[in-house]
Amino acid sequence: MNDVKAEPDYPGNWPFVFRELAQKSANSCLRTFYQAGVVSPRTPIESVQFLAMDVETTGLNAQAHSIVSIGLVPFTLKRIFCSKAEYWVLNPSSELSEKSVTFHHITHAEILNAPSLPEVLEPLLQAMAGKVIVVHYRNIEREFLDAALRRHLGEGLRFPVVDTMQLEARIHRQKQSWVARLMRRPQTSIRLADSRTRYNLPAYQGHHALTDALATAELLQAQIATHYSLASPIGALWD
């Protein structure tokens with residue numbers, strides 16, 4: 001069977017999606033991003049170039065709140081490229097709240113002269129181009145970036161993610177016995193810090209976008225080393 005013709009029916013076929021979006025996108029930065037493409041879902045995970053991403057926000061509602069910082073760390077299953085990491089503090093389009101400041105510790109003074117998201121869009125998309133994005137809880141990074149670009153550019157952003165929280169949930173659902181489920185025992189925590197502890201990874205201070213991106217990269221490496229074959233297809237992990 002011809003692979004190109006079969007691709008649209010392949011679950012999680014992001015290469016096909018990217019080709020269509022490259023033709024439809026009106027924004028030149030987005031068009032260049034989609035034209036860079038993404039690996040086939042059949043690609044072994046040991047051959048994939050990953051980019052760990054974390055964003056800190058002014059709240060939890062992507063439609064009402066904004067991104068205040070972004071951290072990026074490129075890596076493979078063998079190496080983390082800290083020298084190529086990126087970090088931006090942004091001037092959000094919504095107000096900082098006392099609650100959000102207590103989480104990410106980014107103050108009004110820090111955002112006063114910070115760039116807006118459109119000002120860092122080009123280097124952000126350049127860093128993302130051709131990579132598979134890795135996050136811990138995809139509803140934050142993907143929804144906030146999509147909503148922000150819709151507000152600023154009039155079109156959103158789509159990309160595949162490997163969600164380490166989702167992988168951890170999958171692993172522990174498989175491990176939990178039917179007896180434990182019947183007795184309604186508390187479920188294992190799949191928060192980033194708790195998940196890292198199970199793999200004997202060091203404790204980091206949370207809610208800093210760059211540190212959390214690094215923590216997520218290390219967590220995926222540990223998850224793969226413990227639970228997966230390096231020959232597993234990336235399509236079995238991404239969403």
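## Exercise 1: Rings that pair up

By the ring-pairing rule, this predicted model has a count of five aromatic pairs.

**Task.** Find out what kind of pair Trp-14 and Phe-18 form, and what kind Phe-33 and Tyr-34 form.

**Solution.** 

1. Here's what you need to look at: a pair of aromatic rings is described by the distance of the centres and the angle of the planes.
2. Start with Trp-14 and Phe-18: centre to centre you get 6.2 Å, and the planes stand at 90°. An angle over 60 degrees counts as edge-to-face, and that's the label for Trp-14 and Phe-18.
3. Next, Phe-33 and Tyr-34: the ring centres are 5.3 Å apart and the planes make an angle of 55°, so this pair is tilted.
4. Now zoom out a bit. Ring pairs join Trp-14, Phe-18, Phe-33 and Tyr-34 into a cluster. Trp-14 and Phe-18 are buried, and both Phe-33 and Tyr-34 are buried too.
5. One more check on the sequence: Trp-14 and Phe-18 are four residues apart in helix α2, so about one helical turn separates them.

## Exercise 2: The two sides of a helix

**Task.** Work out which residues of helix α3 (residues 28-35) are buried, and what covers them.

**Solution.** 

1. Pick out the buried residues of α3: they're Leu-30, Phe-33 and Tyr-34.
2. Why do they sit on the same side of α3? Because they cover an arc of only 95° around the axis.
3. Now look for the cover. Over the buried residues of α3 you'll find, among others, α2 (14-24), α6 (117-128) and α7 (138-153).
4. Finish with the ends. At the start of α3, Asn-27 has a side-chain oxygen within 2.9 Å of the backbone nitrogen of Cys-29. After α3 comes Gly-37, with a positive phi near 75°.

## Exercise 3: A covered strand

**Task.** Decide whether the faces of strand β1 are covered or open, and find the strands that pair with β1.

**Solution.** 

1. Count the buried residues of β1: eight of its eight.
2. Sort them by side. Phe-50, Ala-52, Asp-54 and Glu-56 are on one side, while Leu-51, Met-53, Val-55 and Thr-57 are on the other; all are buried, and both faces are covered.
3. Check the partners. β1 pairs with β2 in the antiparallel sense over eight bridges, and Met-53 stands opposite Leu-72 in β2.
4. With strand β4 (residues 132-135), β1 pairs in the parallel sense, over three bridges. There, Val-132 is the bridge partner of Phe-50.

## Exercise 4: A serine in a loop

**Task.** Say whether Ser-66 is buried or exposed, and list what Ser-66 touches.

**Solution.** 

1. Locate Ser-66: you'll find this residue in the loop between β1 (50-57) and β2 (67-75).
2. The relative accessible area of Ser-66 is 3%. Buried means under 20%, so Ser-66 is buried.
3. Leaving out residues up to four places away in sequence, Ser-66 touches Glu-56, Thr-57, Thr-58, Pro-92, Ser-93, Ser-94, Phe-144 and Arg-151.
4. For the whole chain, 49% of the 239 residues count as buried.

Key. Residues numbered from 1 in each chain as written. Predicted model: local features only at pLDDT ≥ 70, side-chain atom pairs only at ≥ 80, totals over all residues. Heavy atoms only, no water. Buried < 20%, exposed > 50% of the residue type's maximum accessible area, 1.4 Å probe, protein only. Arc of directions from axis to C-beta. Contact = heavy atoms within 4.5 Å. Polar contact = N/O pair within 3.5 Å; in protein donor to acceptor, adjacent residues only side chain to side chain. Phe/Tyr/Trp six-rings, centres within 6.5 Å; stacked < 30°, edge-to-face > 60°. Pairing = 2+ DSSP bridges.
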